[in-house]
Amino acid sequence: MNPGGDLPLRDIHLPEPVSWWPPAPGWWLLLMLLAALVALAVFLQHRYSRKALQRAARQALLQIGDAYRQSGDTRVLAQQLSMWLRRVTLSRYPRQEVAGLTGSAWLRFLDRTLAGDEFQHGVGRVLTAAPYSADTRVDGPALLRLCERWLQQLFKARGSAA
C-alpha cells in the first residue's frame, strides 16, 4: 500500500513574502500624525518668534517706567523714551524710511502710526526738546501712557509679522 504513490502531487509552495509597500493603514495614520505635529511645532515657533520684539519692547518700556517712578527725573524719562521709540521703530520699519526723521517729521510719523495727533499736539511734543533741555516741563505718567498706547497700536495695526 502506497498512500500517494500514484497520485500526481505537487511540492508545497510558500506564499509570497509580505511587501513593505504599501504600508498598512496604521503606518499611514502615524505618518499623518507626525506631519501634523511637525506643522504645529513650526507654527508655534514662528508665532513665538514673531512676538519676541513686542515682548522685548514692552519689557523695556516697563523698565523705563520703573526707573522714572524711582527717580522722578522727567528729563531722563524723555531721553529714554525718545531712544526707546527710535529703537522700536527701527526694528519695525525699514531704516531708510525712519532713520532720518527728526523734529516735527518724527512726531508726524509717530502720530501716523498711532492714528492720532498726541505726539505733535499733545503730551508727546516734548520729545523733541525735553531730552536736550533742563527746564522743559514733562508730564511723565501721561507720556508713559502715550508710549504704551503707541506700542499697542503699532503691533495691532501692523500685525506681528514685520
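## The segment before α1

P15 lies in the segment that precedes α1 (25–50). The description that follows concerns a predicted model. P15 has a relative accessible area of 72% and is therefore exposed, the cut-off for that term being over 50%. Between the C-alpha atoms of P15 and T89 there is a separation of 72 Å, the two residues being 74 residues apart along the chain.

P22 also has its place in the segment before α1. The peptide bond that joins W21 and P22 is cis, with omega at about -5°.

## Helix α3

Helix α3 comprises 19 residues, 74–92.

The N-terminal end of α3 is capped by D73. In this cap, a side-chain oxygen of D73 lies 3.2 Å from the backbone nitrogen of R75. Buried residues of α3 are L77, A78, L81, S82, W84, L85, V88, T89 and R92.

## Packing of α2 against α3

Two packed helices are described by the angle between their axes and by the distance between those axes. For α2 (residues 52–71) and α3, the angle is about 175° and the axes are 10 Å apart. The two helices are therefore roughly antiparallel, since an angle over 145 degrees falls in that class.

On the α2 side, the contact involves L53, A57, A60, L61, I64, A67 and Y68. These residues meet T74, L77, Q80, L81, W84, V88, S91 and R92 of α3. Sorted by class, the contact of α2 with α3 contains eleven nonpolar residues, three polar residues and one charged residue. Several of the α3 residues in this contact, including L77, L81, W84, V88 and R92, are also buried.

## Contact of α1 with α2

The axes of α1 and α2 cross at roughly 35° and come within 4 Å. Y48, S49 and R50 of α1 make this contact with A52, L53 and R55 of α2. By class, three nonpolar, one polar and two charged residues take part in the contact of α1 with α2. L53 belongs to this contact and also to the contact of α2 with α3.

## The loop between α5 and α6

A115 is located in the loop between α5 (103–114) and α6 (140–157). Although A115 is not a glycine, its phi is positive, at about 65°. The relative accessibility of A115 is 68%, and A115 therefore counts as exposed.

Conventions. Residues are numbered from 1 along each chain as its sequence is written. This is a predicted model: local features need pLDDT of at least 70, side-chain atom pairs count only at pLDDT 80 or more; totals for chains, interfaces and linings use all residues. Side-chain values use heavy atoms; hydrogens and water are left out. The expected span of a helix is 1.5 Å times one less than its number of residues. Buried means under 20% relative accessible area, exposed over 50%, partly exposed in between (1.4 Å probe, protein chains only). A polar contact is a pair of N or O atoms within 3.5 Å; within protein, one must be able to donate a hydrogen and the other to accept it, and residues adjacent in sequence count only if both atoms are side-chain atoms. Axes are lines fitted to C-alpha atoms, for helices over the stretch in contact, and angles run from 0 to 180 degrees between N-to-C directions. Angles under 35 degrees count as roughly parallel, over 145 as roughly antiparallel, 65 to 115 as roughly perpendicular and the rest as oblique. Contact means heavy atoms within 4.5 Å. Ala, Val, Leu, Ile, Met, Phe, Trp, Tyr, Cys and Pro count as nonpolar, Asp, Glu, Lys and Arg as charged, and the others, Gly among them, as polar.
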